[in-house]
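Colleague: Could you take me closely through one part of this model, the strands towards the end of the listing and the aromatic rings that go with them?

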Amino acid sequence: MNFVPMTQFRPNFMNAATHNFHVTQHKFSVSDSLHVFTIFSSGMASKLLHNRLRSLCRVSQLSNIRYSNSIFSTSQNHAQCRFYSEASQQTPLNPPPPPSPNNTSNTTSSTSSLNEFELAKFSSIAETWWDAEGPFKPLHLMNPTRLAFIRFTLCRHFRKDPNCTRPFEGLKFIDVGCGGGILSEPLARMGATVTGVDAVDKNIKIARLHADLDPQTSSIEYRCTTAESLVEEQRQFDAVIALEVIEHVADPAEFCKSLSALTIPGGATVISTINRSMRAYATAIVAAEYILHWLPRGTHQWSSFLTPEELVLILQQASITVQELAGFVYNPLTGRWSLSDDISVNFIAFGTKPGNRDETLD
């Protein structure tokens, strides 16, 4: 498989004005207003949805961010990392109303990050993982851009040549929440020794069947298990990758602790998710699920999304320092995704774990 050089994904935009992320209450910005207005003006959104979005705006303005009583402080804590562009230059007919961010009730025990409702939801559509026009079409379209970010950041971190065919030769990667293996397979083709884990047994069976079709991917180790179970087995990897997973777990903080434990000292962690913003609600839920039908209705819950500030601080508490953030933006004219500094909806984070990697290698 040929991969497009990272420079072709490099966006053309102004640098961010600051490197600081300050944890603040989420407010309804002018850009969000314009984005939601576009949907309303099309005549496709109901008056009820309009009222619900207005109520969401009031909730966002008045309520504290999630986890405000635990690891987040609006006055004392702030984290530092760089945006993608800076790093590049340096090297139901109506959608349900989004719950209040303070509603963090879980249906599972605090000792596991599993969410049984989410597992059942994805189990019901497991057979469609490799259908490029099916429920996972958005992930298939986004995959080249996700891989471009992973290739660029991990090659830089591990001092590999991003232009060679198999830049990840000799590195051990784990794809947490691998689904049907649409990320695990290209990582294996790039030379990595890949382990893919998922808590849904149907996903693992589909992933194994598809991987066996290609000798380059048949060596992938697929397991129906959880990150927590692998931590108990004392497994560790050079890079731990969890894309579009954290918004579906019951306890993001505990999940990130498990990802950190799976990462060797000096290793890397890559996480992508959806921002808990008004724009994300309008596009990732209202538009994608209820208007364009890109995703099954109920795929995402707005209250389960994390803001970039929250994710940075959760990872910081888990001993992972976020070094770089990038946004994914969709161009409806070309039907393609690209990397950007716009992290208002979909975004990805690259972080590192302190330590000397050479001391942990076999």
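Modeller: Strand β9 (residues 321–331) pairs with strand β11 (residues 346–352) in the antiparallel sense over seven bridges, where strands are DSSP runs of E of at least two residues, numbered from the N terminus, and two of them pair if DSSP finds at least two bridges between them. Within this pairing, glycine 327 has phenylalanine 347 of β11 as its bridge partner. This is a predicted model, in which local features need pLDDT of at least 70 and side-chain atom pairs count only at pLDDT 80 or more, while totals for chains, interfaces and linings use all residues. Residues are numbered from 1 along each chain as its sequence is written, and side-chain values use heavy atoms, with hydrogens and water left out.

β9 is also joined to strand β10 (residues 336–340), antiparallel, by five bridges, and here phenylalanine 328 has leucine 339 of β10 as its bridge partner. The hairpin of β9 and β10 has four residues between the strands, and glycine 335 takes a positive phi near 70° there.

As for the rings, a search of the whole structure finds three aromatic pairs (Phe, Tyr and Trp, the last by its six-membered ring, with centres within 6.5 Å; planes under 30 degrees apart are stacked, over 60 edge-to-face, the rest tilted). One of them is formed by tyrosine 330 and tryptophan 337, which is tilted, with 5.2 Å centre to centre and 50° between the planes. Tyrosine 330 is partly exposed at a relative accessible area of 27%, whereas tryptophan 337 is buried at 13% (buried is under 20%, exposed over 50%, partly exposed in between, with a 1.4 Å probe and protein chains only).
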